[in-house]
Amino acid sequence: MAKIKYYYDTETCRYEELKRTPSEVLINIAGFVILASLSGLLFSYLARTYFPSASEAALQEENQQLLLKYELLSKQMKEVDAVLAKLQERDDKIYRLLFEAEPIADEIRKGGVGGAEKYRNLLDEGLKREQLIISSFKKLDQLKRQMYVQSKSYDEIVKMQAEREKRLASMPAIRPVADNDLTMFISGYGMRMHPIYKVRKFHSGCDFAAPTGTPVYATGEGIVRMADYDGGYGKCIEIDHGFGFVTKYAHLSAYTVKVGQRVKRGQMIGRVGSTGTSVSPHLHYEVIKNGQKVNPLGYFFNDLTPEQYTKMLEIAAQDRPSLGGN
Ligand SMILES: [Zn+2]
(Lines give C-alpha, C1' and ligand atoms only; values in the text may rest on other atoms or scores of the structure.)
Protein backbone atom coordinates (compact mmCIF):
# COMPACT_ATOMS: atom_id res chain seq x y z
CA MET A 1 0.00 0.00 0.00
CA ALA A 2 1.39 3.41 -1.04
CA LYS A 3 2.44 5.71 1.71
CA ILE A 4 0.34 8.85 2.17
CA LYS A 5 2.57 11.95 2.34
CA TYR A 6 1.56 15.23 4.06
CA TYR A 7 2.79 18.81 3.82
CA TYR A 8 2.24 21.85 6.15
CA ASP A 9 -0.05 24.44 4.56
CA THR A 10 0.72 27.95 5.90
CA GLU A 11 -2.62 29.24 4.71
CA THR A 12 -4.82 26.69 6.45
CA CYS A 13 -2.25 26.23 9.27
CA ARG A 14 -2.55 22.49 9.15
CA TYR A 15 -1.13 19.39 7.51
CA GLU A 16 -2.70 18.60 4.18
CA GLU A 17 -2.39 15.35 2.22
CA LEU A 18 0.18 15.54 -0.65
CA LYS A 19 -1.47 14.58 -3.90
CA ARG A 20 0.68 13.95 -7.09
CA THR A 21 -0.57 14.28 -10.59
CA PRO A 22 -0.10 11.18 -12.84
CA SER A 23 2.53 13.03 -14.98
CA GLU A 24 4.60 13.76 -11.84
CA VAL A 25 4.49 10.07 -10.98
CA LEU A 26 5.55 9.15 -14.52
CA ILE A 27 8.52 11.60 -14.43
CA ASN A 28 9.63 10.13 -11.13
CA ILE A 29 9.52 6.59 -12.51
CA ALA A 30 11.43 7.59 -15.69
CA GLY A 31 14.08 9.36 -13.61
CA PHE A 32 14.55 6.27 -11.53
CA VAL A 33 14.90 4.02 -14.59
CA ILE A 34 17.50 6.35 -16.26
CA LEU A 35 19.52 6.64 -13.06
CA ALA A 36 19.48 2.86 -12.58
CA SER A 37 20.60 2.23 -16.19
CA LEU A 38 23.46 4.73 -15.96
CA SER A 39 24.61 3.20 -12.68
CA GLY A 40 24.51 -0.23 -14.28
CA LEU A 41 26.62 0.90 -17.27
CA LEU A 42 29.15 2.65 -15.03
CA PHE A 43 29.41 -0.41 -12.83
CA SER A 44 29.91 -2.81 -15.72
CA TYR A 45 32.55 -0.49 -17.29
CA LEU A 46 34.45 -0.33 -14.00
CA ALA A 47 34.13 -4.06 -13.54
CA ARG A 48 35.45 -4.76 -17.07
CA THR A 49 38.31 -2.33 -16.72
CA TYR A 50 39.53 -3.40 -13.30
CA PHE A 51 38.30 -6.99 -13.16
CA PRO A 52 38.62 -8.50 -16.73
CA SER A 53 36.94 -11.81 -17.41
CA ALA A 54 39.04 -14.92 -17.98
CA SER A 55 38.69 -14.77 -21.79
CA GLU A 56 39.48 -11.04 -21.86
CA ALA A 57 42.56 -11.60 -19.70
CA ALA A 58 43.68 -14.35 -22.12
CA LEU A 59 43.21 -11.99 -25.06
CA GLN A 60 45.22 -9.27 -23.34
CA GLU A 61 47.97 -11.77 -22.62
CA GLU A 62 47.94 -12.88 -26.27
CA ASN A 63 48.14 -9.24 -27.36
CA GLN A 64 51.17 -8.70 -25.18
CA GLN A 65 52.80 -11.81 -26.64
CA LEU A 66 52.06 -10.66 -30.19
CA LEU A 67 53.51 -7.23 -29.46
CA LEU A 68 56.64 -8.84 -28.08
CA LYS A 69 56.93 -11.10 -31.14
CA TYR A 70 56.40 -8.11 -33.41
CA GLU A 71 59.15 -6.18 -31.65
CA LEU A 72 61.49 -9.17 -32.08
CA LEU A 73 60.56 -9.44 -35.75
CA SER A 74 61.21 -5.71 -36.24
CA LYS A 75 64.58 -6.06 -34.59
CA GLN A 76 65.47 -9.02 -36.81
CA MET A 77 64.34 -7.17 -39.93
CA LYS A 78 66.53 -4.23 -38.99
CA GLU A 79 69.46 -6.63 -38.56
CA VAL A 80 68.80 -8.27 -41.95
CA ASP A 81 68.56 -4.80 -43.44
CA ALA A 82 71.96 -3.90 -41.97
CA VAL A 83 73.53 -7.12 -43.32
CA LEU A 84 72.05 -6.44 -46.74
CA ALA A 85 73.39 -2.87 -46.67
CA LYS A 86 76.88 -4.24 -45.96
CA LEU A 87 76.59 -6.77 -48.82
CA GLN A 88 75.49 -4.01 -51.18
CA GLU A 89 78.39 -1.83 -50.08
CA ARG A 90 80.85 -4.70 -50.59
CA ASP A 91 79.30 -5.42 -53.98
CA ASP A 92 79.72 -1.80 -55.11
CA LYS A 93 83.07 -1.02 -53.55
CA ILE A 94 84.98 -4.27 -53.99
CA TYR A 95 83.62 -6.68 -56.56
CA ARG A 96 82.29 -4.15 -59.04
CA LEU A 97 85.42 -2.00 -58.70
CA LEU A 98 87.58 -5.09 -59.19
CA PHE A 99 85.79 -5.94 -62.42
CA GLU A 100 85.53 -2.27 -63.43
CA ALA A 101 81.75 -2.55 -63.52
CA GLU A 102 79.33 0.29 -62.76
CA PRO A 103 77.74 0.15 -59.29
CA ILE A 104 74.04 -0.79 -59.32
CA ALA A 105 71.83 2.31 -59.29
CA ASP A 106 70.02 3.00 -56.02
CA GLU A 107 66.57 2.92 -57.66
CA ILE A 108 67.22 -0.62 -58.93
CA ARG A 109 68.55 -1.80 -55.58
CA LYS A 110 65.45 -0.52 -53.78
CA GLY A 111 63.25 -2.52 -56.13
CA GLY A 112 61.27 0.53 -57.26
CA VAL A 113 59.00 0.64 -54.19
CA GLY A 114 60.82 3.20 -52.10
CA GLY A 115 63.76 2.75 -49.80
CA ALA A 116 64.14 0.91 -46.53
CA GLU A 117 64.24 4.30 -44.81
CA LYS A 118 60.56 4.85 -45.52
CA TYR A 119 59.55 1.77 -43.53
CA ARG A 120 62.15 2.26 -40.86
CA ASN A 121 60.53 5.62 -40.11
CA LEU A 122 57.11 4.02 -40.01
CA LEU A 123 58.27 1.57 -37.38
CA ASP A 124 59.52 4.33 -35.16
CA GLU A 125 56.40 6.41 -35.30
CA GLY A 126 54.38 4.12 -33.05
CA LEU A 127 51.51 3.47 -35.42
CA LYS A 128 48.55 1.26 -34.68
CA ARG A 129 49.26 -2.44 -34.59
CA GLU A 130 47.35 -3.17 -37.83
CA GLN A 131 49.42 -0.59 -39.66
CA LEU A 132 52.59 -2.00 -38.13
CA ILE A 133 51.73 -5.45 -39.44
CA ILE A 134 51.02 -4.06 -42.93
CA SER A 135 54.24 -2.10 -42.91
CA SER A 136 56.13 -5.20 -41.74
CA PHE A 137 54.85 -7.17 -44.73
CA LYS A 138 55.80 -4.31 -47.03
CA LYS A 139 59.23 -4.23 -45.49
CA LEU A 140 59.66 -7.99 -45.95
CA ASP A 141 58.59 -7.63 -49.55
CA GLN A 142 61.14 -4.87 -49.96
CA LEU A 143 63.90 -6.99 -48.46
CA LYS A 144 63.02 -9.88 -50.77
CA ARG A 145 63.26 -7.59 -53.81
CA GLN A 146 66.58 -6.17 -52.63
CA MET A 147 67.96 -9.66 -52.05
CA TYR A 148 66.84 -10.70 -55.52
CA VAL A 149 68.68 -7.71 -57.05
CA GLN A 150 71.73 -8.58 -54.93
CA SER A 151 71.75 -12.24 -55.99
CA LYS A 152 71.42 -11.15 -59.65
CA SER A 153 74.40 -8.88 -59.11
CA TYR A 154 76.44 -11.82 -57.80
CA ASP A 155 75.43 -13.87 -60.86
CA GLU A 156 76.75 -11.03 -63.00
CA ILE A 157 80.01 -10.95 -61.05
CA VAL A 158 80.45 -14.71 -61.51
CA LYS A 159 79.90 -14.18 -65.25
CA MET A 160 82.39 -11.30 -65.28
CA GLN A 161 84.91 -13.47 -63.43
CA ALA A 162 84.51 -16.25 -66.03
CA GLU A 163 84.93 -13.68 -68.81
CA ARG A 164 87.98 -12.25 -67.06
CA GLU A 165 89.55 -15.70 -66.71
CA LYS A 166 88.91 -16.38 -70.39
CA ARG A 167 90.44 -13.01 -71.29
CA LEU A 168 93.49 -13.66 -69.11
CA ALA A 169 93.96 -17.11 -70.68
CA SER A 170 93.60 -15.66 -74.18
CA MET A 171 95.80 -12.56 -73.97
CA PRO A 172 99.35 -12.93 -75.28
CA ALA A 173 101.38 -13.07 -72.06
CA ILE A 174 104.59 -15.10 -72.53
CA ARG A 175 107.60 -15.11 -74.86
CA PRO A 176 107.15 -17.26 -77.98
CA VAL A 177 110.50 -19.06 -77.46
CA ALA A 178 112.20 -20.52 -74.36
CA ASP A 179 114.61 -17.63 -73.84
CA ASN A 180 115.36 -18.18 -70.15
CA ASP A 181 118.74 -16.44 -70.08
CA LEU A 182 117.65 -13.65 -72.47
CA THR A 183 120.28 -14.56 -75.09
CA MET A 184 117.74 -14.91 -77.91
CA PHE A 185 116.13 -11.46 -77.61
CA ILE A 186 118.04 -9.45 -80.20
CA SER A 187 116.02 -6.58 -81.54
CA GLY A 188 113.01 -4.69 -80.25
CA TYR A 189 109.99 -2.86 -81.64
CA GLY A 190 110.44 0.62 -83.17
CA MET A 191 112.77 2.36 -85.65
CA ARG A 192 115.66 0.03 -86.50
CA MET A 193 118.42 -0.27 -89.11
CA HIS A 194 117.11 -2.59 -91.86
CA PRO A 195 119.63 -5.46 -92.26
CA ILE A 196 119.26 -5.63 -96.04
CA TYR A 197 118.42 -2.09 -97.20
CA LYS A 198 120.75 -0.51 -94.58
CA VAL A 199 118.27 2.29 -93.90
CA ARG A 200 116.25 2.97 -90.72
CA LYS A 201 112.83 1.40 -90.99
CA PHE A 202 110.01 0.76 -88.59
CA HIS A 203 110.33 -2.68 -86.97
CA SER A 204 106.79 -3.87 -86.20
CA GLY A 205 107.69 -6.67 -83.79
CA CYS A 206 110.66 -8.11 -81.94
CA ASP A 207 113.26 -10.66 -83.02
CA PHE A 208 114.50 -13.74 -81.16
CA ALA A 209 117.65 -15.24 -82.72
CA ALA A 210 117.59 -19.04 -82.34
CA PRO A 211 118.86 -22.07 -84.24
CA THR A 212 116.62 -23.44 -86.98
CA GLY A 213 114.23 -25.98 -85.53
CA THR A 214 113.88 -24.30 -82.10
CA PRO A 215 110.26 -24.76 -80.91
CA VAL A 216 107.91 -21.74 -81.17
CA TYR A 217 105.02 -21.51 -78.68
CA ALA A 218 101.57 -19.89 -78.77
CA THR A 219 101.63 -16.95 -76.34
CA GLY A 220 97.93 -17.16 -75.43
CA GLU A 221 94.86 -19.33 -76.01
CA GLY A 222 93.23 -18.87 -79.41
CA ILE A 223 92.50 -20.20 -82.88
CA VAL A 224 95.09 -20.52 -85.67
CA ARG A 225 93.74 -18.24 -88.40
CA MET A 226 96.73 -18.51 -90.76
CA ALA A 227 99.57 -21.01 -91.29
CA ASP A 228 100.98 -20.14 -94.69
CA TYR A 229 103.72 -18.38 -96.66
CA ASP A 230 103.22 -14.58 -96.40
CA GLY A 231 105.71 -12.67 -98.61
CA GLY A 232 108.58 -11.15 -96.61
CA TYR A 233 107.32 -12.89 -93.44
CA GLY A 234 108.09 -16.27 -95.03
CA LYS A 235 106.36 -19.22 -93.40
CA CYS A 236 104.03 -17.52 -90.99
CA ILE A 237 101.40 -18.33 -88.35
CA GLU A 238 98.69 -15.99 -87.06
CA ILE A 239 96.64 -16.77 -83.95
CA ASP A 240 93.37 -15.00 -83.20
CA HIS A 241 93.03 -14.74 -79.38
CA GLY A 242 89.71 -12.90 -79.35
CA PHE A 243 89.24 -9.74 -77.24
CA GLY A 244 90.89 -7.81 -80.14
CA PHE A 245 94.26 -9.65 -79.95
CA VAL A 246 96.16 -11.39 -82.78
CA THR A 247 99.77 -12.67 -82.66
CA LYS A 248 102.03 -13.33 -85.62
CA TYR A 249 105.04 -15.66 -85.82
CA ALA A 250 107.28 -15.22 -88.93
CA HIS A 251 110.27 -16.70 -90.83
CA LEU A 252 109.38 -20.24 -89.57
CA SER A 253 110.93 -23.42 -90.93
CA ALA A 254 107.90 -25.60 -90.08
CA TYR A 255 104.28 -25.53 -88.84
CA THR A 256 103.04 -28.00 -86.22
CA VAL A 257 99.42 -26.70 -86.21
CA LYS A 258 96.72 -26.25 -88.84
CA VAL A 259 94.35 -23.40 -89.67
CA GLY A 260 91.23 -23.53 -87.49
CA GLN A 261 92.99 -25.42 -84.70
CA ARG A 262 92.43 -24.21 -81.11
CA VAL A 263 95.70 -23.79 -79.21
CA LYS A 264 96.59 -23.18 -75.57
CA ARG A 265 99.20 -20.81 -74.19
CA GLY A 266 102.61 -22.54 -74.26
CA GLN A 267 101.55 -25.08 -76.91
CA MET A 268 104.14 -25.64 -79.64
CA ILE A 269 102.91 -24.29 -83.00
CA GLY A 270 106.00 -24.37 -85.25
CA ARG A 271 109.80 -24.15 -85.53
CA VAL A 272 112.24 -21.29 -85.96
CA GLY A 273 113.63 -20.81 -89.49
CA SER A 274 114.88 -18.13 -91.88
CA THR A 275 112.19 -18.08 -94.56
CA GLY A 276 111.08 -14.81 -96.22
CA THR A 277 113.17 -11.63 -95.83
CA SER A 278 115.65 -12.82 -93.20
CA VAL A 279 119.43 -12.67 -92.80
CA SER A 280 119.75 -15.48 -90.26
CA PRO A 281 117.50 -17.97 -88.40
CA HIS A 282 115.23 -16.01 -86.02
CA LEU A 283 111.61 -15.61 -84.95
CA HIS A 284 109.94 -12.30 -85.77
CA TYR A 285 107.03 -11.94 -83.30
CA GLU A 286 104.21 -9.39 -83.51
CA VAL A 287 101.31 -8.51 -81.20
CA ILE A 288 98.36 -6.89 -82.95
CA LYS A 289 95.79 -5.19 -80.72
CA ASN A 290 92.56 -3.97 -82.33
CA GLY A 291 94.31 -3.95 -85.72
CA GLN A 292 97.38 -2.00 -84.53
CA LYS A 293 100.85 -3.53 -84.21
CA VAL A 294 101.95 -2.81 -80.64
CA ASN A 295 105.20 -3.35 -78.71
CA PRO A 296 105.30 -7.07 -77.72
CA LEU A 297 107.42 -6.14 -74.68
CA GLY A 298 104.18 -5.14 -72.92
CA TYR A 299 102.83 -8.71 -73.34
CA PHE A 300 105.44 -10.91 -71.68
CA PHE A 301 104.13 -10.31 -68.16
CA ASN A 302 103.34 -13.95 -67.35
CA ASP A 303 106.89 -15.28 -67.54
CA LEU A 304 109.18 -12.35 -66.81
CA THR A 305 110.59 -11.31 -63.45
CA PRO A 306 110.91 -7.53 -62.94
CA GLU A 307 114.70 -7.93 -63.42
CA GLN A 308 114.26 -9.81 -66.72
CA TYR A 309 111.80 -7.17 -67.91
CA THR A 310 114.29 -4.40 -67.09
CA LYS A 311 117.02 -6.32 -68.94
CA MET A 312 114.78 -6.69 -72.02
CA LEU A 313 114.02 -2.95 -71.92
CA GLU A 314 117.79 -2.29 -71.88
CA ILE A 315 118.38 -4.64 -74.86
CA ALA A 316 115.51 -3.02 -76.78
CA ALA A 317 117.05 0.41 -76.11
CA GLN A 318 120.42 -0.65 -77.65
CA ASP A 319 118.95 -0.06 -81.11
CA ARG A 320 120.37 -3.25 -82.64
CA PRO A 321 119.35 -3.87 -86.25
CA SER A 322 116.53 -6.28 -86.89
CA LEU A 323 117.24 -9.68 -88.44
CA GLY A 324 114.47 -9.52 -91.00
CA GLY A 325 112.59 -7.19 -93.24
CA ASN A 326 109.47 -6.61 -91.15
ZN1 LIG B 1 111.68 -8.73 -87.01
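View 1. C13 counts as exposed because its relative accessibility is 55%, where exposed means over 50% relative accessible area, buried under 20% and partly exposed in between (1.4 Å probe, protein chains only). C236 is in no disulfide, and the nearest cysteine sulfur, that of C206, sits 14 Å away. A disulfide here is a pair of cysteine sulfur atoms within 2.5 Å, and by this rule the count is zero. With 0% relative accessibility, C236 counts as buried. A word on what you're looking at: this is a predicted model, so local features need pLDDT of at least 70 and side-chain atom pairs count only at pLDDT 80 or more, while totals for chains, interfaces and linings use all residues. Residues are numbered from 1 along each chain as its sequence is written, and side-chain values use heavy atoms, with hydrogens and water left out.

View 2. H203 (NE2), D207 (OD) and H284 (ND1) are the protein donors, lying 2.0 to 2.2 Å from the zinc ion. Donors are N, O and S atoms within 2.8 Å of the metal (3.2 Å for Na, K and Ca); water is not among the atoms, so sites may look incomplete. Along the chain, the donors of the zinc ion follow the spacing H-x3-D-x76-H. H203 and D207 are both buried.

View 3. Helices (H or I, at least four residues) and strands (E, at least two) are DSSP runs, numbered from the N terminus. Leaving out residues up to four places away in sequence, I237 touches, among others, V224, M226, Y249, L252 and I269; contact means heavy atoms within 4.5 Å.

**View 4. K139 and D81, a salt bridge between two helices.** The side chains of K139 and D81 meet at 3.3 Å, N to O. K139 belongs to helix α5 (residues 129–170) and D81 to helix α2 (residues 54–98), 58 residues apart. Both ends are tucked away: K139 is buried at 3% relative accessible area, and D81 is buried at 6%. A salt bridge is a side-chain nitrogen of Lys or Arg within 4 Å of a carboxyl oxygen of Asp or Glu, and the structure holds 11 of them.

**View 5. R175 and D303, a salt bridge between two loops.** Here the side chains meet at 3.7 Å, N to O. R175 is in the loop between α5 and β3 (185–187), and D303 is in the loop between β14 (292–294) and α6, 128 residues apart. R175 counts as buried at 4% relative accessibility, whereas D303 is partly exposed at 27%.

**View 6. E238 and K248, a salt bridge between two strands.** The closest N and O atoms of E238 and K248 are 3.0 Å apart. E238 is in strand β9 and K248 in strand β10, 10 residues apart. Both E238 and K248 are buried. Elsewhere, salt bridges that share partners join K166, E221, R262 and K264 into one network.
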